[in-house]
Amino acid sequence: MTDNSADNPFPVRAVATRIAAWIDKLGVVWVEGQLTQINIRPGARTVFMVLRDPAADMSLSVTAPRMLVDNAPVKLVEGVQVVVCGKANFFTGRGTLTLRLSEIRAVGVGELLARIERLRQLLAAEGLFDPRLKRPIPFLPNMIGLVTGRASAAEHDVTTVAATRWPAVRFAVRNTAVQGPTAVAQIVKALRELDSDPDVDVIVLARGGGSVEDLLPFSDETLCRAIAACRTAVVSAVGHEPDNPLCDLVADLRAATPTDAAKKIVPDTTAEQRLLDDLRRRSAQALRNWVGREERALAQLRSRPVLAEPLAALAARADEVHRARSAVRRDIARLIDVQAERVGHLSARLATLGPAATLARGYAVVQTVGSSGPAVLRSTDDAPSGTRLRIRVGDGAIAATSEGPADGG
């Protein structure tokens, strides 16, 4: 190959021969897969088949002697799981790769269960079974997506029971293969179509019971991951109560049977009506009880004296106020009388002791009249002869002139 270049290309035969030599070095290999496209021609000594990987979109062309196929430990039909031993051959004439089988073994139930258990542990470790990832199922879905076999009992059970419980329910049905080599691809395609439909509120994956081999597509890794990737809630109703494929663990809700799925996702009209009637009755009774309690509370409040006779307290206080006012008036009048009498006595005493009374008894007040104003005459020396005098008596005043001190004065 070191001499190969654009100027020195190899002929096709040289490349084909080298590829065949490289592939021949692979030797004998053991392979597990599903058989599909089994072509048994009458009288032919070679049977042509395809060995498919159920977990990936990959396959190999295989050939086997007619005798090996006829004597296989299990009937070779499409979808059967087998373990084969063969040697890879590259046919240089057509440039094709074929696995020539030398031994065919059936995959036992124990091996299938062990493989499913390994896949279950893998998906669990990745968190696909985590309850926190489960999407809620709508209480009353407007449209239910249903993936099931054509004209199957599962389809009849789901649609009939759901329509009986809620007549207005609608379905978007996708009929697919539910077993065999094409089941996984068809179911995944239907799931994606329904998940992309905005009118679909929940998707039901339904199938009746069967053997482990029949239910094998529902434990397929591709299908499990497709369910986990759905944005719409998925209900798994595969098989009967004992059956437990891996899709039950990935789905948002597991139903024991298709009938059970219809009961879980569609409410019962009769039961809901009874519930509404009961809630309405209980609400009305609760309202009546509340009104009764409030009426009794109001009656108790109204029976209290302050509310039964609200003016009684004011009337009682009014009498007290009236009595208090009368007492105050009486006390004030008495006080005024006492003070008036006292003022009278003081006035009489004042009048008796005052200068007017003294003047009335014949006394007089003599004042000198000068430029500085009147001044009471207190001494004869203050009134020499010629001093003008003002003499005040009880009924008035007279003017006089002093002639000096009187003799013998």
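The model is predicted.

Strand 6 (residues 143-148) runs parallel to strand 8 (residues 202-207), and 4 bridges join them. Within strand 8, Val202 is the residue opposite Ile144.

## The largest nonpolar core

The largest nonpolar core holds 33 residues. Ile187, Leu205, Phe218, Leu223 and Ile227 touch the most other members. Several elements each supply at least two residues of this core: helix 3 (109-125), strand 6, helix 5, strand 8, helix 6 (221-229), strand 9 (233-238) and helix 7 (246-250). Helix 5 gives the most, with 7 residues.

Which residues does Ile187 contact, leaving aside its neighbours within four places in sequence? They are Val147, Thr176, Ala177, Leu205, Phe218 and Leu223. Another core, of 20 residues, lies apart from the largest one. Its members include Ile23, Met49, Leu101 and Ile104. In soluble globular proteins, nonpolar side chains tend to be buried together.

## Strands 3, 4 and 5

Strand 5 (residues 96-106) pairs in both senses. With strand 3 (residues 59-65) it runs parallel, joined by 2 bridges. Val62 stands opposite Leu99 of strand 5. With strand 4 (residues 81-91) the pairing is antiparallel, over 10 bridges. Here Val83 faces Arg105 of strand 5.

Strand 4 and strand 5 form a hairpin with 4 residues between the strands. Gly95 takes a positive phi near 70° in this hairpin.

## The protein as a whole

The secondary structure comes to 12 helices and 14 strands. The radius of gyration is 64 Å, well over the 22 Å that the globule rule gives for 409 residues, so the protein is more spread out than a compact globule. The C-alpha trace spans about 200 × 75 × 35 Å along its principal axes.

Of the 409 residues, 30% count as buried. The accessible surface comes to about 25,700 Å², and 56% of that belongs to carbon and sulfur atoms. Among contacts between residues at least 6 apart in sequence, 59% join residues at least 24 apart.

Technical notes. Residues numbered from 1 in each chain as written. Predicted model: local features only at pLDDT ≥ 70, side-chain atom pairs only at ≥ 80, totals over all residues. Heavy atoms only, no water. Pairing = 2+ DSSP bridges. Core = buried A, V, L, I, M, F, W, Y, C linked by side-chain atoms within 4.5 Å. Buried < 20%, exposed > 50% of the residue type's maximum accessible area, 1.4 Å probe, protein only. Contact = heavy atoms within 4.5 Å. Rg over C-alpha atoms; globule rule 2.2 N^0.38 Å. Areas by Shrake-Rupley, 256 points an atom, 1.4 Å probe, with all protein chains shown as cover.
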